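Dear colleague,

Please find below the structure for your review.

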Amino acid sequence: MASAVARVSRSAGRGPLDALDDETLVSLIADAAEVRKNVDLVLAAAAAVVDQRSDRDRGTAGLARRNGHRSATSLLQSMTGQSRSDVTRALRTGRDLLGEAGEGLLPAGGAATDGSPIGTGDRLSGDRDAAPRWRTLLRTALTEGRITTAQHEAIRVGMGDPPVDRYADCDPAVLPAAWARSTETLLEDAGELSVEDLRHAARIARDRLDPRGVTLRFDERFAARSFRRWADAAGQQHAHLTLDDESAAWIDAIGDAALRPRRGPRFVDAGGPAAETASAARDPRSNEQLQYDLVMAVLRVGAAVDPNQAFGDRQPGVRVIVESTVLTQEDAGVAHLEDGGDTLPRHVAEKYLCDAGARVITTDVRGRPLDVGREQRTFTPKQRVAISVRDGGCVGRGCSAPPSWCEIHHIDHWYEHHGRTDVDDGVPLCRFHHLDLHNRGARIVRRRHPQSGVDTYWWQEPADRTTGVIPPPERLRSRSPRRFEAA
Ligand SMILES: [Zn+2]
Ligand SMILES: [Zn+2]
């Protein structure tokens, strides 16, 4: 590092930076980044020691208090000029570097010879044997200079600790081992991804290993959904939306549609698309205004839809990718949004299969597509209207959602029974009740009267997990005006 420092000061001292030739400028950046990476490490480890020496137990004798600061964070902020979150991040990295063993494990400091990593000596080993392997892999990559502190933080926080408690029924060694393998993959990818993309990839890696956590997190965020409206003192109207993951994907799909002409096609040939992009560029609206206008247009169109007419037979916008094993085996995994790969719990994927159908794609063991099947089991617009006429809206208990708000639930799950798409097998449910049904693992069953041939639909809760008792099914009522006798 010392020679990198020397090179930086030599290049920077050579006169105004904008007078440097390209080659010198690029190597100056590389050297400066190298220096910063090492200095960040030293700062992080030193910050963690400052934090230890400012321990609350030491009272006014603590390092921070003696320097007139309430806490180590406050002292470090004033010394480094960094934000609170920067200092918090540095402290977390520093504690990782030191391990649990406490003081005296400061990295060896800037190594004298160039290229040799700092802090790889025995003094750093600390609790290395006790630390989980994925954390050791991360720490080694950090101290060897293969990743920056920001990349370290992205993987560390993105993965989080393996939730061994959540899988008490599994071998406790399985999850930590899988965590280490994913960490190795992320470390290989780190050089090619931005820090944001690395954090995103780490979260996806974690979600694939923790399907139960995906459901928990989805449910938590779904419960937090809200729409709030207010006017401020100046009379400006505001709204605040807190979105669940699935609705966020929808909003993104709408926003992308609004901005697509502006972003323009990647390759344009003269004439058509280029001219379109140019006209979009003349649009005086900001991107935010453009997206706002489209969202409002969608709302207005939605409000104008005849409530007796069901939506079309294919949901636009959001596509979900799910492996068939996820649907047929309990706890087998998660689904992913086609765009971005974010994870969704299995019950949300089931809801999509019901309403929007699926395209079955067979792959070989290496994931190469072999066969692209036909669209499976979607109700046609005519069938949707027929179902809506029969039921008059969501059949969920106490629900008054009109047909236009409904998705069509297929009472046989398609991956279990490859039956035909018959109107008798479709039941309208609003988004909430549809999600709720799949989340509970409940079913809707049809009973056909042996003499009259009249169908009735019943909500069947699953067997109680602990007692195994199956609750009695509950009759679902049609809300169609046709349920009453006509004159
Ligand atoms: Zn369904
Ligand atoms: Zn409903």
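Strands β4 (residues 335–337) and β5 pair in the antiparallel sense over two bridges; strands are DSSP runs of E of at least two residues, helices are runs of H or I of at least four, and both are numbered from the N terminus. Two strands count as paired if DSSP finds at least two bridges between them. Across this pairing, H336 stands opposite T343 in β5. The open sheet to which they belong has three strands in the order β3-β4-β5, with antiparallel pairing. Its edge strands are β3 (320–321) and β5 (343–344), each of which pairs on one side only.

This is a predicted model, in which local features need pLDDT of at least 70 and side-chain atom pairs count only at pLDDT 80 or more, while totals for chains, interfaces and linings use all residues. Residues are numbered from 1 along each chain as its sequence is written, chains are lettered from A and ligands numbered from 1 in the order in which they are written, and side-chain values use heavy atoms, with hydrogens and water left out.

Zinc sites

The zinc ion (ligand 1) is coordinated by C354 (SG), H409 (ND1), H434 (NE2) and H438 (NE2), at 2.0 to 2.2 Å. Donors are N, O and S atoms within 2.8 Å of the metal (3.2 Å for Na, K and Ca); water is not among the atoms, so sites may look incomplete. The four donor atoms subtend angles of 94 to 120° around the zinc ion (ligand 1), and the arrangement is therefore tetrahedral (for four donors, all angles between 85 and 135 degrees). C354 belongs to helix α15 (residues 346–356) and H438 to helix α17 (residues 431–440), so the pair ties together parts that are 84 residues apart in sequence. Both C354 and H438 are buried, that is, under 20% relative accessible area with a 1.4 Å probe and protein chains only. The spacing of the donor residues in sequence is C-x54-H-x24-H-x3-H.

For the zinc ion (ligand 2), the coordinating atoms come from C394 (SG), C399 (SG), C430 (SG) and H433 (ND1), at 2.0 to 2.3 Å. This site is also tetrahedral, with angles of 101 to 115° among the four donor atoms. Along the chain, the donors of the zinc ion (ligand 2) follow the spacing C-x4-C-x30-C-x2-H. C394 counts as buried because its relative accessibility is 1%, and C399 is buried with a relative accessible area of 15%.

Strand β10 (residues 443–448) pairs with β11 in the antiparallel sense over six bridges, and R447 has T456 in β11 as its bridge partner. The two strands form a hairpin with six residues between them, and G453 in the turn has a positive phi of about 75°. Three bridges join β11 to strand β12 (residues 474–476), again antiparallel; here the bridge partner of Y457 is L476. Five of the six residues of β11 (residues 455–460) are buried, so this strand is largely enclosed by the rest of the structure.

Helix α4

In helix α4 (residues 72–80), the residues A72, T73, L75 and L76 are buried. They cover an arc of only 160° around the axis, which puts them on the same side of α4; the arc is that of the directions from the helix axis to the C-beta atoms. The buried residues of α4 pack against α2 (22–53), α3 (63–66) and α5 (84–98), where contact means heavy atoms within 4.5 Å. Just after α4, G81 takes a positive phi of about 70°.

Notes. Tetrahedral: all angles 85-135°; square planar, octahedral: opposite > 155°, others 65-115°. Buried < 20%, exposed > 50% of the residue type's maximum accessible area, 1.4 Å probe, protein only.
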